[in-house]
Amino acid sequence: MSMLWVAVIAASVLSFGQKWLGYQAPPDVLDRPRIARITTLLPIALLGALVATQTAASGAEIVLDARLAAISVAAVLLLARAPFLMVVIAAAVAAAGLRALGWA
Amino acid sequence: MTTASPGTPQEAPGTVDPVRRIRRTGFSIGLATGLYGISFGALATSSGLDVWQAMVLSAVMFTGGSQFAFIGVIGGGGSALGAALASVLLGVRNTLYGLILARSLPRHGVKGLARVQLTIDESAALAASGSDERERQAGFWAAGVWVYVFWNLFSLVGAVAGQFVADPRAWGLDAAAAAAFLALLWPRLRSADAVAIAVAAAFIALVTTPSLPPGLPVLAAALVAVLAGLLPARRSAEPPRRETPPDPRPRTEDRR
């Protein structure tokens with residue numbers, strides 16, 4: 001078996017192990033007020049970071065392109081209480097349109 | 001399992017059952033994310049993996065960031081060990097997701113294993129958007145299962161026919177992913193604290209982007225939540241929402 005295969009399988013199994021590990025925290029630990037507060041706040045921080053990197057990161061670079069216009073469209077639609085699917089499709093259309101026109 | 005007898009009497013006319021709405025959202029997330037599998041499959045084979053290796057990564061590793069990191073290292077001429085290390089480093093955030101989700105999902109049996117395998121950005125995010133256990137579970141399974149199905153399907157398409165398929169960026173799918181994350185974040189921005197945490201996390205993620213390998217800025221940003229949670233309790237950013245019926249209007253009072 002090649003080194004590449006070994007790495008593919010080992011990294012895949014480790015990935016499963018990492019996912020598994022998170023579920024092993026005993027419930028009484030999760031009930032402690034500080035831990036409970038952190039697990040409530042974590043999704044907010046993770047989502048905030050994912051929005052930022054998905055909008056402006058390209059590898060290790062910050063790139064401002066059609067995605068920035070698209071996320072603004074999404075934010076306006078969210079303010080107007082548009083449904084999820086409309087928000088996502090409008091963002092895709094905005095980015096695809098700007099790129100097709102060669103503007104971003 | 002909790003609450004919610006079918007056809008809750010207070011339901012306003014014209015509203016859709018939240019669980020059905022969440023399932024539909026999960027399907028659209030699955031489709032949009034899955035289409036990205038095309039670029040993974042195409043990049044994987046062009047960086048030197050064979051179709052089977054690409055598919056083992058999609059089916060077993062199953063976490064986009066780590067998979068792209070793995071093939072990125074290989075494609076850049078790095079070692080197999082380096083590729084494995086990069087992917088493990090990026091997978092750390094899935095451990096955090098398990099910590100958040102542990103309470104809402106079944107522990108044992110086939111479902112217990114499935115929940116482990118389906119723990120990724122999208123399933124954790126949609127679960128987090130639910131306002132009770134039932135919605136959280138529906139969100140996790142819908143996003144997790146659909147992403148798994150489409151991600152593997154399109155990875156195969158990309159690996160086999162990558163050079164003939166258009167770039168998903170041309171379809172704006174990268175922007176769609178950003179918008180999806182924003183839409184999932186939106187309902188949680190009810191308090192000034194929550195907004196502050198989201199903005200701080202976004203800021204840290206961007207500031208660290210040039211100096212950290214892709215994916216790690218998100219982890220660095222997670223420290224914001226840890227620090228905020230460790231601060232002496234004044235009030236939590238979000239009142240506990242367990243077992244409360246979803247209220248149709250956003251909370252207006254800001255308890256200061």
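Tutor: Helices are DSSP runs of H or I with at least four residues, strands are runs of E with at least two, and both are numbered from the N terminus. This is a predicted model, in which local features need pLDDT of at least 70, side-chain atom pairs count only at pLDDT 80 or more, and totals for chains, interfaces and linings use all residues. Residues are numbered from 1 along each chain as its sequence is written, and chains are lettered from A and ligands numbered from 1 in the order in which they are written.

Student: How many helices and strands does chain B have?

Tutor: Chain B has 11 helices and 0 strands. Read from the N terminus, its elements are α-α-α-α-α-α-α-α-α-α-α.

Student: How is burial read, and what share of chain B is buried?

Tutor: A residue is buried if 20 or more other C-beta atoms, placed from the backbone, lie within 10 Å of its own, exposed if 12 or fewer do, and partly exposed in between. Of the 256 residues in chain B, 50% are buried. L14(A) counts as partly exposed because it has 17 C-beta neighbours inside 10 Å.

Student: Which domains are assigned in chain B?

Tutor: Domain bounds come from an automatic or database domain assignment. For chain B it gives domain 1 (18-173) and domain 2 (189-238). Their centres, taken over C-alpha atoms, are 23 Å apart.

Student: How many residues of the two domains are in contact?

Tutor: Contact means that the C-beta atoms of two residues, placed from the backbone, lie within 7 Å. In chain B, 8 residues of domain 1 touch 7 residues of domain 2. On the domain 1 side, α4 (64-75) and α5 (80-101) of chain B each supply at least two residues. The most come from α5(B), with 6 residues.

Student: What classes of residue make up that side of domain 1?

Tutor: Ala, Val, Leu, Ile, Met, Phe, Trp, Tyr, Cys and Pro count as nonpolar, Asp, Glu, Lys and Arg as charged, and the others, Gly among them, as polar. The side of domain 1 of chain B that touches domain 2 has 6 nonpolar, 1 polar and 1 charged residues.

Student: How many residues does each chain put into the contact between chains?

Tutor: Chain B supplies 77 residues and chain A supplies 66 residues. On the chain B side, α5(B) gives the most, with 15 residues. That side has 56 nonpolar, 16 polar and 5 charged residues.

Student: How is the packing of two helices read, for instance α3(A) and α10(B)?

Tutor: Axes are lines fitted to C-alpha atoms over the stretch in contact, and angles run from 0 to 180 degrees between N-to-C directions. Angles under 35 degrees count as roughly parallel, over 145 as roughly antiparallel, 65 to 115 as roughly perpendicular and the rest as oblique. Helix α3 (residues 33-56) of chain A and helix α10 (residues 192-208) of chain B pack at about 45°, with axes 7 Å apart. Therefore α3(A) is oblique to α10(B). Residues of α3(A) in this contact include L41(A), I44(A) and A49(A), and those of α10(B) include A194(B), I197(B) and L206(B). By class, the contact has 16 nonpolar, 2 polar and no charged residues.

Student: At what angle do α2 and α3 of chain B pack?

Tutor: Helix α2 (residues 37-46) and helix α3 (residues 51-61) of chain B pack at about 140°, with axes 9 Å apart. This pair is also oblique. Among the residues in contact are F40(B) of α2(B) and L57(B) of α3(B). The contact of α2(B) with α3(B) has 5 nonpolar, 4 polar and no charged residues.
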